[in-house]
Amino acid sequence: MTRHRGRGMASINYPIGMNLGGDPSQALVHSNPSGKFTVALSSIDLGQGMKSVTRQICAETLGVPVEDVYVDTADSDTGPHCMGSFASRGTHRVGNAVMAAAREARGVMMEAAAEELEVNAADLETDGRGNIHVKGAPHRSISTKDVAIAAQFKQGKTISGRGIFLVPLSNVDPETGEMSPATCYAHACLVAEVEVDDETGEVAMVRMDSAYELGRALNPRLVEQQLVGGAWMGVSHALYETPEPYYPDPVHGPRDFVEYLMPGPGDICPHDIAVLERPAPDGPFGAKGPGEMCANPVLPAVANAIFNAVGVRIDDLPITPEKVLRAIKTQGGARPQARR
Amino acid sequence: MSKIPLQFRHNGRDVAIFVDGGTNLLVALRELIGDMTPKFGCGQGGCGTCSVLIDGELHLSCLTLAETVAGRAVETLDGMKQGPNLHPLQRAFADHFAAQCGYCTPGMLMAAKALLDRNPAPSRAEVVEAISGNICRCTGYEPIIDAILAASGSRASA
C-alpha cells in the first residue's frame with residue numbers, strides 16, 4: 001500500500017446572476033417614526049450574509065449609522081419583487097436595488113432637512129453618525145430622527161425610496177450565436193493537494209490554496225466565511241455526496257446521514273485564501289459577491305490532483321474510493337504524474 | 001394509549017408533563033415544553049442538531065425516550081446564556097463567524113459545552129472529536145473549531 005500525493009488546480013470565470021428573461025430585483029427603503037430606516041426585500045438570507053451586506057449598503061448610501069437600518073427580508077407576499085437568492089446574484093443585484101432605493105430616500109431626507117434648517121438641500125451633508133449639517137458649518141445640524149419626525153408630522157412627506165436593478169434579457173444572435181448573459185464576472189483559482197491511497201482508493205485532502213477576485217469585499221469577514229465554508233461544500237461534492245451513487249440506476253441510494261456522506265470536522269485541511277479586490281463598475285460599491293464560486297473550483301482541482309497523484313482521470317462525481325480503485329486496477333496500478 | 005406523567009429538571013427548572021409512551025425527548029422538549037432550541041434534523045441520530053445534555057452528558061434527544069429522563073437534569077441551548085449575557089461559547093461562536101444558516105449551531109454549542117465542562121483546556125484533536133457527531137453544511141467546521149478553542153482555557157492552535 002502506498003499513499004500518493006498529488007496537486008491539481010482549476011481556474012474559473014464566474015458570471016454573476018443569470019439571463020432567463022431578464023434578471024431584476026427590487027428594494028424599498030423607508031424611514032420609521034423613530035428616524036431609523038427599514039429596507040424591505042423579498043430576497044432570502046440563507047446565512048450567507050445578505051441581510052448584513054444590504055444593511056451596510058443602505059446605511060452607507062443614506063449616510064446614517066448601520067445600527068439605524070433594519071432589513072426585512074423574505075416575505076414574497078408583501079415585499080417588493082425579487083428573483084431570489086441564487087446564481088450568486090444577491091450582493092450584486094439586490095445590493096444595486098437597495099442602493100437605488102436608498103439614494104431616492106436620501107434625496108427626500110435631505111429635502112426635509114433643508115426645509116427644517118432653511119437652507120438649500122445641495123448645501124447639506126450627512127455625518128454618518130445620524131446627523132445632517134450644513135457643509136462647513138457642523139453646528140447648523142439636525143438629527144435624522146428629528147428630520148423623520150418633521151417629515152411625518154409637519155411637512156407631510158414620506159422619507160422613502162424605490163429601487164430596481166434589472167439586467168435585461170440578452171437574446172442570442174442567430175447568425176453568430178453571440179450573447180451577453182452577464183454584466184459582471186468574478187474569477188478564482190484554486191490549488192488542491194490530496195493524498196490517494198492506492199489500496200483503499202480513499203482520497204484525503206492535504207491542503208488548499210486559493211485566490212478569489214470578487215469585486216470589492218463589502219464585508220471581508222463574511223466573504224472569508226463563505227469562502228472557507230463553501231470550499232468544503234465543494235470537497236463534499238467532489239469526494240462524497242450523491243443521492244444516486246449508480247445513476248441512472250437508483251440502487252444503493254442513501255437513506256440517512258450515515259449513508260449520505262459529507263466531510264466531518266476530522267476531514268478538513270488548511271485552506272489559505274487570498275481575496276483580490278477589483279471593484280466592478282456596475283456593482284454596489286464595486287461588489288460582485290462570492291456566492292456559488294466558493295465551491296466551484298474545488299471539484300476540478302480535486303479531480304486534477306487525483307490524476308496527478310495516481311494517473312487516473314475520473315470524470316464522474318463524486319470521486320469515491322470505488323471509482324478510484326477500479327480506475328487504478330484498469331490502468332494496471334498507480335502511475336504518479338510529475339509533481340507540479 | 002394512556003399518558004405517562006413525567007417530571008424532570010429543564011434548564012434548572014422543574015417541569016411536569018404528560019407524554020405518550022414512545023415519545024422522544026426532542027418532541028417532548030419542542031412540542032410539550034415549547035423549548036425550540038434543540039432542532040429536528042434527521043430524527044435518526046445522524047446529524048447531531050438535537051443534542052442536549054442529560055445530567056451533564058451529551059445525548060441525541062431524538063433517540064432518547066422522554067420517559068427515561070424522569071428525575072434527571074436536561075440542559076438545552078435555551079439555558080446556556082447567563083441572564084442577558086451570552087455564554088463564552090456563544091460569544092466565541094459569534095466572534096469567529098462559526099454560524100451561517102445556524103441550523104447545526106444549537107447541537108454544536110451543546111457538544112462544545114459538554115466537552116468544556118469535563119475538559120476545560122482541550123487540544124484541537126479533542127475538539128474535533130467532540131463535534132464529530134455533528135454535521136455542518138455551511139462553515140467547513142474550521143470557524144467552529146476555532147471558536148471552541150478560543151472559548152476554552154487552552155490556547156492550542158495546532
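Into which domains is chain A divided, and what are their residue ranges?

Mentor: This is a predicted model, in which local features need pLDDT of at least 70 and side-chain atom pairs count only at pLDDT 80 or more, while totals for chains, interfaces and linings use all residues. Residues are numbered from 1 along each chain as its sequence is written, and chains are lettered from A and ligands numbered from 1 in the order in which they are written.

Chain A is divided into domain 1, made of 3–16 + 184–331, and domain 2, which covers 23–167. These bounds come from an automatic or database domain assignment. Between the C-alpha centres of domain 1 and domain 2 of chain A the distance is 38 Å. Domain 1 of chain A has 16 residues in contact with 15 residues of domain 2 of chain A, where contact means C-beta atoms, placed from the backbone, within 7 Å. On the side of domain 1 of chain A that touches domain 2 of chain A there are nine nonpolar, five polar and two charged residues. Here Ala, Val, Leu, Ile, Met, Phe, Trp, Tyr, Cys and Pro count as nonpolar, Asp, Glu, Lys and Arg as charged, and the others, Gly among them, as polar.

For the chain as a whole, the secondary structure of chain A comes to six helices and eleven strands. Helices (H or I, at least four residues) and strands (E, at least two) are DSSP runs, numbered from the N terminus. The radius of gyration of chain A is 26 Å, well over the 20 Å that the globule rule gives for 340 residues, so chain A is more spread out than a compact globule. That radius is taken over C-alpha atoms, and the rule is 2.2 Å times the number of residues to the power 0.38. The C-alpha trace of chain A spans about 85 × 45 × 45 Å along its principal axes. Of the contacts in chain A with a separation of 6 or more, 76% are between residues 24 or more positions apart.

Of the 340 residues in chain A, 42% are buried. A residue is buried if 20 or more other C-beta atoms lie within 10 Å of its own, exposed if 12 or fewer, and partly exposed in between, with C-beta atoms placed from the backbone. The largest nonpolar core has 83 residues, and those with the most contacts inside it are A:Val39, A:Val98, A:Val298, A:Val302 and A:Ile306. Such a core is a set of buried Ala, Val, Leu, Ile, Met, Phe, Trp, Tyr and Cys residues joined through C-beta atoms within 7 Å. Helix H2 (residues 90–117) of chain A gives the largest share of this core, 13 residues. Because domain 1 and domain 2 of chain A both give residues to this core, it lies between them. Not counting residues up to four places away in sequence, A:Val98 touches A:Ala27, A:Val39, A:Thr54, A:Ile57, A:Cys58 and A:Gly163.

Some backbone details in the loops of chain A remain. Most residues other than glycine have a negative phi, and most peptide bonds are trans. The bond between A:Tyr247 and A:Pro248 is cis, with omega about 5°, and A:Pro248 sits in the loop between helix H4 (220–239) and strand S11 (271–276) of chain A. That loop between H4 and S11 of chain A also holds A:His252. Phi of A:His252 is positive, near 60°, in a residue other than glycine. A:His252 counts as exposed because it has 11 C-beta neighbours inside 10 Å. A:Pro318 is placed in the loop between helix H5 (298–310) and helix H6 (321–331) of chain A.

Lastly, the partner chain. Chain A puts 18 residues in contact with 20 residues of chain B. On the chain B side, helix H5 (residues 142–151) of chain B gives the largest share, three residues. That side of chain B divides into eleven nonpolar, seven polar and two charged residues.

Conventions:
Contact = placed C-beta atoms within 7 Å.
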